[in-house]
Amino acid sequence: MTTIRREVLTLPAAPPGPDNPLPPLRPLDEAHRIDDRDRAELPRDMARQVDYAPLRSLLPVQVRDGYGREREPGALDALVIENDRLRATVLPALGGRIASLHHKPTGRELLYVNPVLQPANFALNGAWFSGGIEWNIGATGHTTLSCSPVHAASVPAPDGGEMLRLWEWERLRDLPFQVDLWLPDGSDFLYVGARIRNPHERPVPTYWWSNIAVPEDRRVLAPADEAWHFGYERRLRRVPVPEHEGVDRTYPTRSTYAADYFYEVPDGRRRWIAALDGNGQGLVQTSTDVLRGRKLFVWGTGPGGRRWQEWLTEPGTGGYCEIQAGLARTQLEHVRLEAESEVSWLEAYGPLDTPPDGDWHTVLRGAEDRLEAALPRAGVDAAHAAWLPHADAEPGERLATGSGWGALEVLRAGWKLPGTPFDEDTLAEPQRPWLQLLRSGSLPEPEDREVPGGTLVARPWRDMLETTAATPLAEYHLGVAQWHGDDRAQAVRSWERGLRSIERAEAADDAGHVTAVGRWPLLRCLAVADREDGHHERAADRYAQAFADLCARRPDDPRDTDGDGRWAAVAAALGGEAIGALLAAGRPADARAVWERLDPATRARGRFRLTEAELLAAEGRREEARAVFDEGFEVADLREGDESIGSLWARLDDAPLPARHDFRMRPDRG
């Protein structure tokens with residue numbers, strides 16, 4: 001039977017660092033959007049789900065961009081699930097990622113195991129890392145829980161053994177979910193029961209893709225003759241499988257550029273996908289039919305794809321691709337989850353040995369025969385049916401603790417969620433002000449020089465903010481919630497009222513004390529609103545005022561007063577935004593003034609070295625800007641698909657972009 005034990009993994013790791021304290025008000029910079037020219041060619045159900053409630057804002061989640069690229073040996077808490085055939089290693093502090101799936105009889109690792117932990121800017125909220133099996137819930141893109149803890153506990157399994165339950169509250173869509181892992185005695189397959197619940201009295205869009213990293217020197221098999229190809233040119237087109245444009249794309253190393261292939265699995269066909277090496281050995285994933293989508297992601301062999309592969313691990317390690325399974329046909333779609341309902345399915349992961357090369361249909365028939373012999377399709381359906389009565393089983397020993405956001409929502413709404421308890425003892429400092437608002441109707445007054453925390457933006461919390469005392473802090477949070485609700489005029493009025501309250505308070509204070517809440521959070525929000533409305537000059541003015549107010553209020557010790565890095569993080573975040581707005585308004589001298597007030601440690605970071613080069617270029621000091629490239633820098637939080645480094649280089653030099661800065665994921669436009 002399955003056993004579960006604790007373990008500690010030690011590997012080179014770059015710490016995730018503090019979250020960005022500024023609320024993410026600007027639209028998502030998401031690469032997965034369709035060119036309008038392709039919409040007319042989509043099947044009707046796909047077109048409907050592509051247009052259904054795409055995520056417009058990251059709120060209430062904060063951006064995670066405080067990491068760097070300096071790695072030191074770090075200890076990661078792991079939970080190991082094992083039977084006599086398989087051993088799965090799970091990282092509960094990192095989204096419940098399965099880091100390794102080891103087949104004991106053959107001694108084979110079935111996944112791509114990253115030898116380092118290196119955050120990079122691929123999750124919806126920033127920090128993400130490659131390798132293993134990740135559970136992506138929320139909206140198109142990598143989950144905001146990629147580098148966040150989830151709850152974990154042992155639960156009785158359907159076969160009488162132990163099952164590992166992972167669960168959390170997904171904040172973008174306000175949905176609880178769970179993932180149950182178990183290994184029946186003698187089984188070569190890891191079973192995964194997954195469930196998403198909608199406790200609300202309204203339908204909610206949902207999204208799920210299980211992403212499986214495997215070595216890229218494989219052939220990927222899926223039961224399809226067509227696929228939807230999506231690249232970083234943002235074109236979605238139907239292409240044949242396996243061969244497209246004269247190349248068999250089921251071999252990941254035969255593509256030049258990064259791309260997604262969403263396989264068109266016919267209705268009634270078994271859902272599965274496999275990645276096999278030249279000897280026909282590898283991993284297969286299969287599921288009940290609810291998890292209908294299958295996908296291959298390749299980095300490509302071009303210089304940009306290879307650079308990203310190095311960036312996510314370290315030079316000299318093998319590359320990887322991803323095979324994936326999701327609720328919809330493509331990752332550009334969201335699925336409607338009806339009010340007070342749930343969706344569940346079962347996945348299975350295990351080894352597969354079958355000849356990978358040759359005629360496509362012959363290879364597929366052979367693979368399906370081998371899979372059916374190892375794990376019958378009817379057996380997967382039966383395992384799902386056997387698991388469902390256990391999905392509500394109350395967890396036993398707590399093995400890891402996630403966030404307190406689920407506990408806060410359960411307290412607010414009084415929901416009963418059997419099997420996934422969100423206990424009050426998980427409430428922590430981030431939930432403290434909101435718990436007081438819930439219980440007393442008022443937000444606590446901030447301590448002197450306290451950086452405002454995150455804002456809750458769901459309608460019930462917005463209603464509470466609208467009825468609480470109109471303090472500057474409440475007006476700030478209310479404006480963020482209104483902005484998220486697309487009530488932008490009201491948001492601006494709330495922020496302006498907050499500013500006037502501060503001005504009145506300071507005018508009435510004969511001792512000249514500053515208020516606990518500074519002007520800078522409100523000014524920054526107004527600056528974002530101005531920039532979004534095209535008022536670049538006024539946005540620049542407000543950014544300059546906000547940064548000056550922040551510097552006046554910041555503690556004398558530039559590190560912190562509280563030791564968690566929030567002051568350093570907010571100064572870097574606000575300073576970077578201010579410089580960008582001032583340069584956009586054609587005011588390099590004012591941008592230089594902000595730059596000079598940044599901490600030396602901030603200016604030395606790769607992101608700000610790039611900012612320095614942009615500033616020098618705007619000042620007409622091209623040779624000095626070019627010298628920044630010669631000295632070298634690494635933008636740790638470079639965004640997937642970001643071409644800013646190459647664009648700046650092209651303004652400074654006619655030579656080809658140096659390989660260390662080449663992260664281009666699509667063909668040159670020219």
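Hi everyone, let's start with two residues: Trp-209 is buried, and Phe-262 is buried too (buried means under 20% relative accessible area, exposed over 50%, partly exposed in between, with a 1.4 Å probe and protein chains only). Before going on, this is a predicted model, where local features need pLDDT of at least 70 and side-chain atom pairs count only at pLDDT 80 or more, while totals for chains, interfaces and linings use all residues. Residues are numbered from 1 along each chain as its sequence is written, and side-chain values use heavy atoms, leaving out hydrogens and water.

Now, the rings. Rings of Phe, Tyr and Trp (its six-membered ring) pair if their centres lie within 6.5 Å; planes under 30 degrees apart are stacked, over 60 edge-to-face, and the rest tilted. By this rule there are 20 aromatic pairs. Trp-209 is in strand S14 (residues 208–215) and Phe-262 in strand S20 (residues 259–263), so the pair ties together parts 53 residues apart in sequence (strands are DSSP runs of E, at least two residues, and helices runs of H or I, at least four, numbered from the N terminus).

Another edge-to-face pair is Trp-311 with Phe-663, at 5.1 Å and 80 degrees. Trp-311 sits in helix H2 (residues 303–312) and Phe-663 in the segment after helix H17 (644–652), so this pair ties together parts 352 residues apart in sequence. Trp-311 counts as buried at 1% relative accessibility, and Phe-663 is buried at 6%.

And to finish, a contrast: Lys-416, in the loop between helices H5 (405–413) and H6 (432–440), counts as exposed at 74% relative accessibility.
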